[in-house]
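Could you guide me through this model, telling me what to select at each stop and what is there? I have it open in my viewer.

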Amino acid sequence: MNLALKTVNATGKHTASVIFFHGSGDTGPNVLEWVRFLLGRDLEYPHIKILYPTAPLQKYTPLDGELFNVWFDRRSVNIAAPENKKSLSQCYDAVNQLIDEEVASGIPLGRIIVGGFSMGGAVALHTAYHLRPSLAGVFAHSSFLNRGSVVYDSLESSKATELPELRMFHGERDTLVPKDWGLETFEALKKLGVKGTFHPLRNTLHELKTASLKDLEQWIQEKLPPLENQVLNKL
């Protein structure tokens, strides 16, 4: 499955990548524009390419089977709902292909961060802790994992000595995905060996915020610094 893709290329030599997954019903270009609006500019680096993929149109059960751009189908938007493993499997194929293309272009897994908003954040958590535990990091904004998620099963049986660092953000006034779901997810992951931080956002609904994006921008820079030879070339 080839995903439609919008990118903000590195302004210099490309040595790292960030994949930003959108929420349900959205598109990659829309998230790019949302980020641009909140920051007043693109999320852009000299050495990091930012990828904004778009999920395929598929029937979405919470909206009575209407066609929506979603990464996977689910019974309902509820932390207690079971995961749709068949739909997730199709999502995994698309995500793995996306990552494999970055690796084929010369970017190692340890120089790739995945993240997303809402459903996109859940995709990122599945990617980092179920599919590709060698990634550099993962961020999730206004997101959650279902109780009994396959991600937890993976971590319980994982032999990985080091897992991707996690950065989570969640609006305290989010009524679509309550902050408690995000915090429950973070605490469950933490008990299974994931290290990271959870950032509650005051006066914030189900939305990205300028402050969280600026925090994220700095964290990405710290996790994916320029390679030593790129720094030397500037001296």
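Begin by selecting N203, which sits in the loop between β9 (196–201) and α6 (210–223). This is a predicted model, so treat each stop as a look at a prediction. The phi of N203 is near 50 degrees, a positive value in a residue other than glycine. Is N203 buried or exposed? Its relative accessibility is 53%, and exposed means over 50%, so N203 counts as exposed.

Now move to S142, in the loop between β7 (137–141) and α4 (150–156). S142 is not a glycine, yet it has a positive phi of about 60 degrees. Check the surface here: S142 is buried, with a relative accessible area of 0%.

**The sheet**

Next, display the strands. An open sheet of seven strands runs in the order β1-β3-β2-β6-β7-β8-β9, and its pairing is mixed. Which strands lie at the edges? They are β1 (4–8) and β9, each of which pairs on one side only. From one strand to the next, the twist averages 15 degrees.

Zoom in on β7 and on strand β8 (residues 165–171): the two run parallel and are joined by five bridges. To see one residue pair, select A140 together with M168, its bridge partner in β8.

**Aromatic rings**

Colour the Phe, Tyr and Trp side chains next. How many aromatic pairs are there? The count comes to seven aromatic pairs. For one of them, select F21 and W71: their ring centres are 5.2 Å apart and their planes stand at 85 degrees, so the pair is edge-to-face. This pair links distant parts of the chain, with F21 in strand β2 (residues 16–21) and W71 in the loop between β5 (66–69) and α2 (85–104), 50 residues apart. F21 counts as buried at 0% relative accessibility, and W71 is buried too, with a relative accessible area of 3%.

Then select F20, Y52 and F139, which ring pairs link into a cluster.

**Cavities**

The structure holds two cavities of 30 Å³ or more. The largest cavity has a volume of about 80 Å³. To outline the largest cavity, select F72, D73, R74, E83, N84, L88, A122, H126, F144, L145 and N146. By class, this lining has five nonpolar, three polar and three charged residues.

Go on to the second largest cavity, with a volume of about 40 Å³. Its lining brings you back to S142, along with R74, S118, M119, A122, S143, F144 and V177. Here the classes come to four nonpolar, three polar and one charged.

**The largest pocket**

For the last stop, look for the largest pocket, which has a volume of about 220 Å³. Which of its 13 lining residues are the closest to its centre? Select E162, L163, P164, E165 and K195 to see them. The lining of the largest pocket divides into six nonpolar, three polar and four charged residues.

Conventions. Residues numbered from 1 in each chain as written. Predicted model: local features only at pLDDT ≥ 70, side-chain atom pairs only at ≥ 80, totals over all residues. Heavy atoms only, no water. 1 Å grid on protein atoms, 1.4 Å probe; cavity = no way out; pocket = protein on both sides within 12 Å on 5 of 7 lines; lining within 4 Å. Points joined across faces, edges and corners; volume = space filled by probe spheres on them. Nonpolar A, V, L, I, M, F, W, Y, C, P; charged D, E, K, R; others polar. Helix = DSSP H or I, 4+ residues; strand = E, 2+ residues; numbered from the N terminus. Buried < 20%, exposed > 50% of the residue type's maximum accessible area, 1.4 Å probe, protein only. Phe/Tyr/Trp six-rings, centres within 6.5 Å; stacked < 30°, edge-to-face > 60°. Pairing = 2+ DSSP bridges. Axes fitted to C-alpha atoms, helices over the stretch in contact; angles between N-to-C directions.
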